[in-house]
Each structure stands twice: as C-alpha cells, then as structure tokens.
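Please consult the sequence and the structure shown here alongside the notes.

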Amino acid sequence: MENVIEVESVCKSFGDEQVLKSVTHTFEEGKIHGIVGNNGSGKTVLMKCICGFLRPDSGRILVNHEEVGRDRDFPEDIGIIIETPGFLPHLSGFQNLKLLASLRRIANNHTIYDVIKLVGLDPDMRKPVGKYSLGMRQRLGLAQALMENPSILILDEPFNGLDKYGVLHIRNLIKGLREQGKTVILASHNQVDIDELCDTVCEMDAGNLTVVR
Amino acid sequence: MKKLHQIFSIAGYNFRLWRKNPRIIVTFALAFVMCFLLSDKAVCFAIDHNTTMQIVEVFIWNFGDSNSILLSSVLLVMLFADMPFLSSGTPLYLVRTSRRVWITGQVVYTLAATFVYLVFVLICTAFFSMQQSFVGNMWSPTAAILGYTNAGERVAIPALVKTLEMSWPYQSMVSIFFLMLGYTSVMVMIMLVCNLRFGQAAGVVSVLVFSVYGILLKPDTIQTILRLPDEAYYIANVTIGWVSPLNQATYHMHNFGYDKLPRLWQSYCIFGALVILGYIAALQAAKRYNFSFAGTEG
C-alpha cells in the first residue's frame, strides 16, 4: 500500500509550550488510522498541521506526495471535520452545503441531496441549522466532508454529540469508506470506536506520537 | 473565474454572519447616534434661522472636519473587532480554497463593509436633515449664512467659502465620501496586517496609533520641529496636508488651484496605493499565519 500522508519530524510550539515533539509517522492508503490521546495531547494540532491550517515550526508533511505549505496551501482531495463544524445558522443544511460546494464546483445539487440522506438527515428539511441539535450538526459536518468524494478524510471527534443510534450509523458509514478505498484519519476519545473501526492506532501523549497497533 | 467566485463567496460568508449579530447591530446603532449628535448642530441652526438645507450638506459639513472623520473611523473598528474573521466555519472554506484566496476574500469584505458603513452614515445624516432639506444640486441659504458670515465659526460648523465656491453639493459629497473611504480603508488594512502578523491586540493598538498620529500631527508641531517663523506658518500647514493621513481625508485641506496642498486625485492615489501595499503585506502575513478556530483546540 502507498503512503498517502507522510509526517516527517514535525515540531510545533505555541509560545513556550511544545505541542508536537518531532512527530514522524506515515498513513497508508485505504485504511482507517486512529489517533487516541487525552485532551490537549496534540491530536487536533497534528490534524490541523496535516490540513495546512497550522505551519509546523520544523519538519514537513506530504499529502499525496505534495508538501503542505510549500506545494499547496491546503491539501487537495481532502474532506475534514475539525470537532464541531460551523455552519451559517439561518440557512438550512442543504443551503449550507450548496454554498460550500460552490467553491470547488465538484458536487452538484443531486450529490448534496444524496450525501445528506447518507448521513441520516432529511435533505428536504427547511429547518435552519441554528435549530439543529449537536448530533445533527455533526452529521451535516460529515456530509460536507464527504460531498466532494475526497480520497482522504480527516475526522476529529466525528462522534461528538451523537446518540447511540447515530454513533452506530456513522460507524457503519466510516466502515463503508474503507471499502471504497478511502484513507481515514480518525481522532476519538472513545476507545470502542477506535477498536472497532481502525486498522492502525497511534497514541498522542504530550506531543509524542507512538504506534499502539 | 473560479477563484473570483471563491473570493466573493468568502466575503459573502462574512456578510452572512452579520445577521442577528449583536456587535454589528450595536455598531450601526452607535453610528446612528453619532450622526444624530453631529447633525444636530447644523439642523438646529437651520431651524433657528428658518432656512432650508441641501440634503447632503449636513454630511458635507460634518465630515469635512477631521475630528468627525476620526470619530466615525474609530467606531468602524467595532465592526471589525472579530478580525481576522475566524469562526468554526472557516476551516470548511479554507480547505476548499487557498491562503491567497482567503485573504483576498477578507480584504474584499473589509473594503465592502467599510463602504456599507459609510453609505449608512451618509443616509443617516440625510435622514436627520430631511425635514429642512431639498434635493437640488445647489447650496442652501443655510450654507450661505454659515460660509459667508462668521456664524459657521461661532457654532463650530466647518462650512467654508472655499467649499461653497469651488464645488457643488453632490460633487463635494462624492469627494468627501471617497476621501473617508480611502482613509478608513487604509486604517482597516493596517489593522488586518497587524492582526495577522502580531495578533488581535496588535490590530486594535495599530488603529489607535494610526488615529493618534493623525490627531497629534498639527501645523504647530511642524512649526516647532522645523523652527519656522510665524510668517512661514503656511509651510507647516502644507506639510501637514501631505503627511497626515487625517488631513489627506479632510476635504478643505486640499488644493483647489491656489496652494500647494494635495489635490483630491493625489489623495485618492495615495490612499489607493496604501491599500494595495496593505493587501500585499496581508498576503505575505497570511503565508505564515497559523489559523486558530475558536473551540477546536485539543
């Protein structure tokens, strides 16, 4: 299997606090990679570095053989959820996704409609997102990550706010992504999610990434 | 074409966040109050003298004065208190665009929002003088009294003969509007660059420094520094007209054909060049900028 994401000696500090300490790891194509760790251990920072939102102090990150921050600002062909995604509260879920889809012009109305159904929401629902529950917003967040059919998905705490049926539904959906050959990086506090879904597991502890399995 | 669409989508996203936003509502409410307080003097003067006004005259008299420009521009900072406009929705836009597109979208937003704010100020001042006003493009009897007698000085309304004789009301209004737009745009660009480079607090401090620089730069200061005799006071006045951005934004501090003050087109060019420089600096700052979205650290 080819490595789609390569993290090479990445360090990141905020002031005096070193959040990532020379993190090196590779993520293989077509697998679900889990990252576990306590709050503040650096999981989200690592994911943000991979997405290009944070610039590492040293080291480099390659996504699909392109260096993030040098060859590209943000990796192409990537879908993300960084914790609870923010949407425009006065628009419906469909309208929000349509607005986002207009940026890349990959997903059309039909695709958006289907992906909203896929995550268990009603695409015809006119209710504004401001009145959605946390779980519904999380599902919509997953829909926006999936709508352009990216080959890499970065999902930071995608089960936040979901009820147990929601968790089961999204777990099955993520399993389906592996069958489609997509690469998923999944950060979760929940060990059960990680055990059930992930092919490889790493633990982030005080800025150090170690392979668990 | 696709990038242009992305830029306007990002700017549009920021405008969509205005809906029911208390900070935006308070900013416009304060601007309304500010316009009322500034307009009151001129409107009361017209009522007392039982004279009419041209509908944009109040705007011209109010914002032909550097103090009012300063006041309205500082209030504008409230509109941009959340600069550089990062919300939990930002990563969804970023990942679909690039740093360059994102920052260009923010610049388009700040310039467009400044324009909207100034249009609002213009409408408010017109609204407050509506009862006494006419819309024809000619100076009113009120303007004549204020300009040609010492009444203007007495009530501290800067209605100058220079303005009355060298232009028409709508022409002056357009000039003042664009001078204010230039000045406030430069100010918000400085705020954006400092915000991206040194953090949010630095952005606010930069606006204060920029405003204080305008306030402190007076002809007397230049006269003292250059040790000019009183008869050469005009040199200090001309120097201030060129080096103070606040004076560049003040209508009557311009050359109407008989002194060495900047001409209006020169001020527009200076403001335009500074905005472009600010944009380039913002692009540079965005290259190394670490995006931090509220509530997503872990």
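In this predicted model, strand E7 (residues 152-156) of chain A runs parallel to strand E8 (residues 183-187) of chain A, and 5 bridges join the two. Within this pairing, A:Asp156 stands opposite A:Ala187 of E8(A). E8(A) also pairs with strand E3 (residues 32-36) of chain A.

- E3(A) and E8(A) are parallel and are joined by 4 bridges.
- Opposite A:Leu186 of E8(A) stands A:Gly34.
- A right-handed β-α-β unit is formed by E7(A), helix H5 (residues 164-179) of chain A and E8(A).

**Burial of E8(A)**
- E8(A) is largely enclosed by the rest of the structure, because 5 of its 5 residues are buried.
- Side chains in a regular strand alternate between the two faces of the sheet.
- In E8(A), both faces are covered: A:Thr183, A:Ile185 and A:Ala187 are buried on one side, and A:Val184 and A:Leu186 are buried on the other.

**Contact between chains A and B**
- Chain A contributes 26 residues to the contact, and chain B contributes 26 residues.
- On the side of chain A that touches chain B, the elements giving two or more residues are helix H1 (43-51), strand E6 (78-82) and helix H2 (93-104) of chain A.
- H2(A) supplies the largest share of that side, 4 residues.
- The residues on the side of chain A that touches chain B comprise 12 nonpolar, 8 polar and 6 charged.

Terms used: Residues are numbered from 1 along each chain as its sequence is written. Chains are lettered from A and ligands numbered from 1 in the order in which they are written. This is a predicted model: local features need pLDDT of at least 70, side-chain atom pairs count only at pLDDT 80 or more; totals for chains, interfaces and linings use all residues. A residue is buried if 20 or more other C-beta atoms lie within 10 Å of its own, exposed if 12 or fewer, and partly exposed in between; C-beta atoms are placed from the backbone. Two strands pair if DSSP finds at least two bridges between them. A crossover is right-handed if, with the strands pointing away from the viewer, the path from the first strand over the helix to the second runs clockwise. Two residues are in contact if their C-beta atoms, placed from the backbone, lie within 7 Å. Ala, Val, Leu, Ile, Met, Phe, Trp, Tyr, Cys and Pro count as nonpolar, Asp, Glu, Lys and Arg as charged, and the others, Gly among them, as polar.
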